[in-house]
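User: I would like a close look at one part of this model, followed by some of its surroundings.

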Amino acid sequence: MGSLRIAIDLGAGSGRLFYGNYREFKEIYRFPNTWNFGETLAFIRTGLAMLAGHRVDSISCSSWAQDFGLLDKNGELFYEPVSYLSGRADAIPDEIASLIPADELVQLAGVRRISEISTLAQWKYMANCEPGNLQKAGRLLPVGDLVNFKLSGNAVLNFSLASAAMLLEKGSCKCNRTLLKKLGLDPQLAGEFCNGPGVIGKTVVGDAVPPELAGIPVISGIGHDTAAAFYGCEVLPGEAALSLGSWAMLGTPENNFAEVAGTSVIGIIPDQYIRISYCHGMRLLQQCILQWKTQGVWRGFEEFDAAVKKSDFAGTFDVSATHCPPPGGDMLKEISDHCSEIPESMADFGKAICRSIARGIAGQLAILEKASNCRFRCLKVAGGGTADPNLMEELQCLLPYPLIPVSREASVLGNLLIQERIAG
């Protein structure tokens, strides 16, 4: 029968629970990401209850990066994650640039500029505007770690999430105390050291765990969903992988931390790193679809994909220059404002989005090839975007090497694979 495990996968668009092992797994439960952590925990509990009476050998959560919550000094969650799309930290990158010269920031963090959606920018915003909450805090945990905390009762910072958040020294499991102190942030909230993947405890009944699933080993595996996807793709040197979800995340194996503009290096597990570049991905279409559903004009993907394929709309836009509005915002207007021609139909929007995302991905691949000083043999593609035939066709037309589909659920594959290798 093999092992039977649960992978909780939280993306910007939705959350899902999967059951099985890396050889064969199935989706058990899907729910919307409402950007409300309490609701997320309730959804997880509902999904887990559906597995009452089933054998479960272990469980682990992976999530999007950058957002975090705070535990107080008694270990209770009192500050829930705030979406990186809130815009609250938009002014912080300029402030950080005034505090730390770009060349010094490269040495400390491997980048010349901190993004406004990053953990560091959001944390710095809180230091400026919500100091009382930070004074009350005893621990900062990314979203995936918060879920594992609610599953097990143990607060453990995951290596891949800590790396993506730039909380660690380059190539190390040690907290980047120098960087945090220069930003006026308390390193103790991140912890002194970040362990690699391992079992962190067993499930305890609570906000996320129904009584029927108590006592199951909880694994802190590869907490960052993008890192888990790259792990699931098993990308090799000379290859690139694309995790195509809300963001189009591209990566290739890396063994040095030299700065290359437009890229950064993140850890998957200790001693295994990947150089990444990215651009907006399926979020552009997801938010349009939500608007069309609200307007009552959405009739499903089959009709939409067929119409996009027939469309001869030629307009495109720079996905890197496009701002994704917060949930509920007007993505249709954002695209219209940036597009070289004004889309008039859903098919026009679809064609513009597919072609523009494909061009954005091709541009980021060129950056990665230059950074790696090699020509890629192939692009391994994973994630929900692989189900979009028009986007895959547009992308293949732009590349001189083959696209190799891996799995729509590569992050789940990586989640289950690391659980298998840890728990045996």
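Which residues does Leu379 touch, not counting residues up to four places away in sequence?

Analyst: This is a predicted model. Leaving out residues up to four places away in sequence, Leu379 touches Ala240, Ala241, Leu242, Leu250, Leu365, Leu395, Leu399, Tyr401, Pro402, Leu403 and Ile404. Leu379 also belongs to the largest nonpolar core, which has 98 residues, and is one of the three that touch the most other members, together with Ile8 and Ile361. Helix H13 gives the most to this core, with 10 residues.

The loop between helix H13 (346-372) and strand S14 (379-382) holds Asn373. Asn373 is not a glycine, yet its phi is positive, about 55 degrees. Most residues other than glycine have a negative phi. Asn373 is exposed, as its relative accessible area is 72%, against a cut-off of over 50%.

Two further residues have a positive phi. Trp35, in the loop between strand S3 (24-32) and helix H1 (37-49), has a phi near 60 degrees and is likewise not a glycine. Glu234 follows H9 and has a positive phi near 50 degrees. Helix H9 itself (residues 225-233) is mostly covered, with 9 of its 9 residues buried.

Notes:
Residues numbered from 1 in each chain as written. Predicted model: local features only at pLDDT ≥ 70, side-chain atom pairs only at ≥ 80, totals over all residues. Heavy atoms only, no water. Helix = DSSP H or I, 4+ residues; strand = E, 2+ residues; numbered from the N terminus. Buried < 20%, exposed > 50% of the residue type's maximum accessible area, 1.4 Å probe, protein only. Core = buried A, V, L, I, M, F, W, Y, C linked by side-chain atoms within 4.5 Å. Contact = heavy atoms within 4.5 Å.
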